[in-house]
Amino acid sequence: MTSPILQAATRLISTLLIVFSLFLLVRGHDAPGGGFIGGLVAASSFTLLAMSHGVETARLALRLPPATVAALGVGAALLAGLIPLVVGDAPFAAVWVFVGGPKGEGLPLSTVLLFDFGVWLVVLGAVLGLVFALEEDA
Amino acid sequence: MSAVASVGDADRSGPWAGALLALVSAAAAAAFATLIPEISRNEAVAAEWAWAPALDVSLAFRVDGLSLVFALLITGFGAVISAYSISYLRGHRHQTHFFLYLALFEAGMLGLVLADDVIALFAFWEVTTVASFLLVGFETTQKARRSAWMSLLITGAGGLALLAGLIWLGLVTGTTRISEITAAGGLGGHAAYLPITLLVLAGAFAKSAQFPLHIWLPNAMAAPTPVSAYLHSATMVKAGVYLLARLHPALSGTDFWTTTLGLVGGFTMLMAAILSLRQKDLKLALAYSSVMSLGSLVMFLGAEETVAAAAAMTFLIVHALYKASLFLVVGSIDKMTGTRDLDRLGGLWRTMPMTSIAGVLAAGSMAGFPPFLGFVGKELKYEGALAIAEEPAPLAAAAVIANALMVALALAVIFRVVLSRPGRTPKTPREAPTLIWLGPLLLAVGGLLFGVAPDLVGRTLVQPAAAAMLGAPAEIKLKLWHGVNLPLMMSVATLALGVAFHLAREPLARLIARLPGGAEAIWDGLLDGVQTGFAAVTRGVQPGSLRTYLTVTFLAVAAAPLAGLRLAGGLPEASFALTEPQALAAAALCAGGALTAALAHRRILALAGLGASGTGLSLLFLTFGAPDVAATQILVDVLLLVLVAAVMPRLPELPPRRRGRSRDAFVAGAVGLAVALATLAATVGPFDASVADAMSARSLPEALGRNVVNVVLVDFRALDTFGEIVVVAAAAVGGLALLRRTRRSPA
């Protein structure tokens, strides 16, 4: 589908969608959002790119093969589950660090966020794997 | 010869792996030997670790007389076999793999005989099965593959029966600890005795190659010869014997036990001995003689008498020594001359003196000539056979004939292979490397040494082993000379018969060749039958029509909730009303979209209808306060539409008047109705909000999150979510593989 309007719009929208998906990912713990929804939004961004500029462009923009992205996601989630073991907690228990402030005030970083990022990657990779393959077929 | 045939990049770490395994095995054997004084006083050494406490299964180990005999055989022979294989498989591409499999087997087998827990025993039992599969199929030829499969299927099926039997045994006795099960005494009177015993016997008979499950063992000779010596004569095939001896106090003492073991063991012994005479391939002849030995061991385990137990335990050691030695000798002959054919070999004493000495010594023990340990074992066997109270005469006669056939095989080794004129071998024979002749020679000399001083093994090993098997102290004295008695007469008869069999070998072999065989044909027929049968079932269940699959799946989806409602006593009193205007509008969008999709004559229109329906649904979610679900719904909907749109150009145009449309409408309507009714029914019951309230209350203080849905997903139930994303990733990989396949072969 080569439409100049769609191509021009995609350039703006696809980037915005990625930013929005990361926003959804990060805010997910307190407000509607999270890794699953964020991953779907990111996947639609690349899908839009694939439809307007071709799958090859979308693949280049993703840099890694979709299956690798999904595998990295599983790895990130697993890592998030294993980190608590190092600090002597049960696997998949949440570990929180507050950068530059006491609990509740500093920048909150957590294995929960890493875990959700893993979900984000898995959804992104899984959806794009199928979308790219089907679009290439068509 | 297969071992040398696969030439490739030499495996440099192979010899080191072999040396390591040999040293570790020898050290373990020495460690077990230090336990002899303690064990020979009928004491046991135990150790225990928790394994699955929730199931009350522990890794409990216990060394008593029976375990110690096996542990010494496993580790001692492990050392000899590893050293032998360093030279035997020198230059093989996968020598390191070989030693890895061998180490796996040795560890598994050791665990099997030391385990004091039936579940742990079973786990180790399966390890040996898998290791045997890997080793039989080590030379990846067609024949080796078939043999490996056969051994895996038969012993694996037996293993399943055994697992059922052991679990049942544990339930009946209230413990999985073997020492407690056997200490409780005989189960003969229990209602579940018969099924338990049948299941255990099935496992033991499959592993120890009893008729008619013996066919895998001769086929397993496709393995490299050291494997045949180690697994398929000295140790693994005796796991079944070990199990029967181990559970002897619990399961023996009934007519059923004595009759079954006597009949199966006796018949296997006689049949295998007769079949061994037919073989021109020395290794196969030895394989059948191993089956014969296993049969006689099983026969003796059927009995209650101390002398039968002594016969079984002594013969176990005798057989391991001479049979492993003979196998190794045959392997050496095979490697140096290029053949194992009895008709082509001859006069090896000139060219391979050390191998020949080992062969003659081992054959002497096999034939039961004095002063070998084999003689002691044979006398005990006859004494044991005579002592078995029920029907001693047929068993004793069968034992004499079977042993005479072993004498004939031993004479063939001595007079045709070692002495006689030089044969016509493919390669000019020369002496094997030291590592190759040393092992079998050591084992064969052991057979001679223990024969001269049988009490060396009698009091230290046989007596405690027999005591452990009987569950009561036993007084056993092994002697070379028993005086002139009935067993000695039988020995003389055996020798005479054996010489006659040897001299009449050719005509007898021709006669035996005419015997009805066909166990192999039945096996192949069975496998073929299973394959064609399941192919037919698959064709019936999976005709390849996506429409049929979906219809069946959705009908099942509709039937399940309806059946649930029916069981719950029909439709509950429930009502539901949409009052908010925006909810009504969203519901209308849903219904309109669905109707459009159902009635549309073009796919693109149907797709648009589906999209509208999905949008309506997410609006409904939004009005009822589930923004996360609504967002997910709309995003999934969008991506699904994109995927379907990508596939659409490949689909054929819809015919204007589609057939089966009313059927599709019925299925769709049924699913909608069933799910709606079930959901409605679910709202009637009192809603237990305790879990939801608890999660909401704990969300912020414990997980520092205000979005409960997300907190549950990534924190409270993170392990579940992890499983789910693994499924998502795996499904995507599977889908990709399917797409690639269809692309390569466009249908």
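In the predicted model, chain B folds into 33 helices and two strands, where helices (H or I, at least four residues) and strands (E, at least two) are DSSP runs numbered from the N terminus. Residues are numbered from 1 along each chain as its sequence is written, and chains are lettered from A in the order in which they are written. Because the model is predicted, local features need pLDDT of at least 70 and side-chain atom pairs count only at pLDDT 80 or more, whereas totals for chains, interfaces and linings use all residues.

The mean pLDDT, the predictor's confidence in each residue from 0 to 100, is 85 for chain B, and 95% of its residues reach 70 or more. Over residues 1-8 of chain B, however, pLDDT stays under 50, and the model has 13 contacts beyond four places in sequence for this stretch, two residues being in contact if their C-beta atoms, placed from the backbone, lie within 7 Å. Where pLDDT is low, the predicted coordinates should not be read in detail. For the complex, the predictor gives an ipTM of 0.91 and a pTM of 0.69.

Of the 747 residues in chain B, 46% are buried, that is, 20 or more other C-beta atoms lie within 10 Å of their own.

The axes of helix H12 (residues 239-246) and helix H15 (residues 282-301) of chain B, which are lines fitted to C-alpha atoms over the stretch in contact, come within 10 Å and cross at roughly 5°. H12(B) and H15(B) are therefore roughly parallel to each other, a description used for angles under 35 degrees. Val241(B), Leu244(B) and Ala245(B) of H12(B) make this contact with Leu294(B), Leu297(B), Val298(B) and Leu301(B) of H15(B).

Between the chains, the contact takes 39 residues from chain B and 42 residues from chain A. On the side of chain B that touches chain A, H33(B) gives the largest share, 15 residues.

Definitions and conventions. Axes fitted to C-alpha atoms, helices over the stretch in contact; angles between N-to-C directions. Parallel < 35°, antiparallel > 145°, perpendicular 65-115°, else oblique. Buried ≥ 20, exposed ≤ 12 C-beta atoms within 10 Å, placed from the backbone.
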